[in-house]
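Reader: I am new to this structure and would like to learn how to read its features one at a time. Could you take me through them slowly?

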Amino acid sequence: MGSSPWPACVSIITISLFVNMAFGFNRLVSKTELWGGTLVLLILLMLVCGAWWESLSLETLVGMNTAQEVNNMKLAFALFIWSEIFFFIGLFWAFFHSALVPSDELGCMWPPIVGIMPMDPYALPLLGVTILVSSGYSANWAVKTVKAGFNDWRSMGVTVGLGILFSCLQLYEYKSAGFTMQDGIYGSCFYLITGFHGLHVLAGTMFNIYCLKMMVYGSYSPSHMTSIQMSVWYWHFVDIVWVAAYLFIYIWGNWGMYVTPYAVWMKKMEIFEHKNWPGIVDILRFLFTIY
Amino acid sequence: MSVNHKDIGTIYLYMGFWSGLIGLSLSHCMRVELNHPGEWLLGGYTYHSIMSMHAFMMIFFFVMPTSIGGLGNWFIPLMLKTKDLAMPRLNNLSVWLQLGSLFLMMMAFMSSGGLGCGWTMYPPLSSIEFMDGIPVDLAVFSLHMAGMSSIAGSINFLVTIFNMRLGALFFMHLNPMLIWTLFGTSILLVTSVPVLAAGLTLLILDRHFSTSFYYPEGGGDPILWQHLFWFFGHPEVYILILPAFGVISHILSRSSAKIHVFGKIGMSWASMGIAWMGFLVWGHHMFVAGLDIDTRAYFTAATLMIAVPTGVKVFNWIATIYGGMYRLKATHPSTFWALGFVLLFTVGGLTGVILANAALSTLLHDSYYVVAHFHYVLSMGAVFAIFGGFWFWFPFWTGMVPRKDLVLTHFCLTFIGVNCTFFPMHWLGLTGMPRRYQDYPEMHTAWQAIASAGGYCSFLAMGMFFATIWEVFLVERPLIFPFFVRSESEYYGTGAGEGNTVLPCGSHTNGQLPKFVIFKHKEKKPYYCTVIM
């Protein structure tokens, strides 16, 4: 493999981004410079990454990537997803550290006793989960069509569309939320996890759009479909993180607000209403009553 | 811009040694200040900046680039008998990101008086109220870049080790210990660095975006930072030492004229065991943070368990030496570094066993005892392995041989210096001297003075190292008989199967990938052989 200027460019742009942020956050340069500089550098980074990606595609097209090299790239991408999983584990750690044993300042409750109006998890967020999980199914459909030998771009189009729909939904949710990131640890954890998840959705959607373009041009074949496989893996990872975020932050986190433990207990206790000894069905009902 | 693994390995080695010199100089500044009590040379903030930078430089820019970047890049393709790593361009990205990280860290040190919060950067000291300004932010971003570099490099190593071995070389039969230990290191890196990234991101958000992750007033907790940091931090110290373990296995087996280290399968399992268990013990850095008694009991027990595979390794090294050396004076100078490692790392490991106990840690936490412990395992563990590995492979890299007496003088001066510096720290810690303090009560003056004397000795030792390097490049003494054990010559060779007799190692090796064949005759043990087809 010949030498390439792109890694050096990525590094120099990254240094510039970080220096810009360091100076900007500390108000040593104007806000215009911070925002403008970050925007320019991010665009530059996208261009350089695009050039790198183009090198990769050209190498594939000329046949430089042997079967072993393709396996290498798949394993590398899987390991990258592994590292992303652990990044989210770190973020969720922050959430659980704060929510499992809520501190005195919160009133020993989660959600905190004052200041936060949590969202109803069975309203808009449920729609979001449904959209994202469905997009996982459409992504699998896309891979199946490619494996079968025909590039049905509608499947990937549905995936991209659902992804964009989810992002718009989340944006609306952010705008209409009853709390901000600055509202204590609840707001901080909520926007941290949903925000980073959103960034990953955007990245995944961009990857999906690339695969959509490839499918429209009919470039995939059963023996050349690595990028769409990687894209769908990444999309599934994004989906699973969202399901976890939904279950732990929206439902478990807000448990006392819309469904109180007392109400659940009373419902469980209903098995004793007409009998002295519960039967098997009653025991199962006791165990599985959660709402 | 180069994508050649040897060039990239060399860049890492240069960068590592340069940063190591900076780290060493910073430590000498501290030792001069600590020579007698009172704040007499440096201001308080300056002292703490120097101390924090010493740690950052040594950990992230000396030990990691040299042992993982340098040795890993050089030897993983050679020992697996393949052309290069799996993704050479990504390898280039790793080294460029590391250089960028070094740049940002130097910027952090040079601006606004540096950062005085220690390399552990605990909030609230590292929060915006107490450490306003760009140094902490630049240090955090530097760690982000170094983390990206490490993750990319680890992914590269893992893919190469998993996928690019020769056809029939089953995983358990991977002989080179350096491959096993770098494999463990890479798994540790790819799993723990993202958690550090998470913690660092939360710190930046707290500092500039008014979030409450580490502020109790908002419901957050500074202990959260400690959890996130040490969940990375503990695997980090195993990352620092595991490649050193591999290097020592190589040096000792060759010096004892053995084909491989004693009990090589046990050594592989021990390395994997240390790597895996390293994830389960981070709480032993937090024994006085107010954890539950049962939590402390668990972390004590788990930490003590790690001593078992480590002990397996030490015993196996000793068994490797047994029956192999007839005259120490005649051995390769790197043997001295390896023997020093086995002795001094064991001492450091034993003090680690003492610190593993939560009860004792209550008294010894953040005392000089801890400083003594980790400098024994790092300054005398990782650093000895780096120097040993450097001289071990120097003829392979350059085709030249240093003057043995100069190398041994450097070794002796270093040995005396580091022991003089760090052994008294055990007593300092036990008598109550806290770490990261610039001033101390007069009762500690004697041992502090001895420690500083050791510091001056290591300063001389570094001068000796320069002299050795200068001499070898001046004279260019060629190597005539490379002392390779037969199985090794295959992977140091150019792939012809019988090894390389021409050193230095060429730029492009294994260009014709050898085929790996197993001959098996009835019940006998399989016989491995490489052939060029």
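**Reading the interface and the chains**

Author: Across the interface of chain A and chain B there are 13 residue pairs in polar contact, both residues of each pair being at pLDDT 80 or more; a polar contact is a pair of N or O atoms within 3.5 Å, where within protein one atom must be able to donate a hydrogen and the other to accept it, and residues adjacent in sequence count only if both atoms are side-chain atoms. This is a predicted model, in which local features need pLDDT of at least 70 and side-chain atom pairs count only at pLDDT 80 or more, while totals for chains, interfaces and linings use all residues. Residues are numbered from 1 along each chain as its sequence is written, chains are lettered from A and ligands numbered from 1 in the order in which they are written, and side-chain values use heavy atoms, with hydrogens and water left out.

Reader: Which helices of chain A each supply at least two residues of the side that touches chain B?

Author: Helices here are DSSP runs of H or I with at least four residues, strands are runs of E with at least two, and both are numbered from the N terminus. Those helices of chain A are H1 (6-25), H2 (31-61), H3 (67-99) and H6 (184-216), and H3(A) gives the most, with 17 residues. By class, this side of chain A has 31 nonpolar, 17 polar and three charged residues, where Ala, Val, Leu, Ile, Met, Phe, Trp, Tyr, Cys and Pro count as nonpolar, Asp, Glu, Lys and Arg as charged, and the others, Gly among them, as polar.

Reader: How many residues does the contact take from chain A and from chain B, and what area do the two chains bury between them?

Author: The size of an interface is often given as the accessible area lost when the parts come together. Here the contact (heavy atoms within 4.5 Å) takes 51 residues from chain A and 62 residues from chain B. The two chains bury about 4,600 Å² between them, 76% of it on carbon and sulfur atoms; buried area is the accessible area, taken with a 1.4 Å probe, that two parts lose on being put together, summed over both. Of the area that chain A buries against chain B, Phe18(A), Phe25(A) and Trp93(A) supply 14%, more than any other three residues.

Reader: Which residue forms a salt bridge with Arg89(B)?

Author: A salt bridge is a side-chain nitrogen of Lys or Arg within 4 Å of a carboxyl oxygen of Asp or Glu. The count between chain A and chain B is one, and the partner of Arg89(B) is Glu59(A), with the closest N and O atoms 2.9 Å apart.
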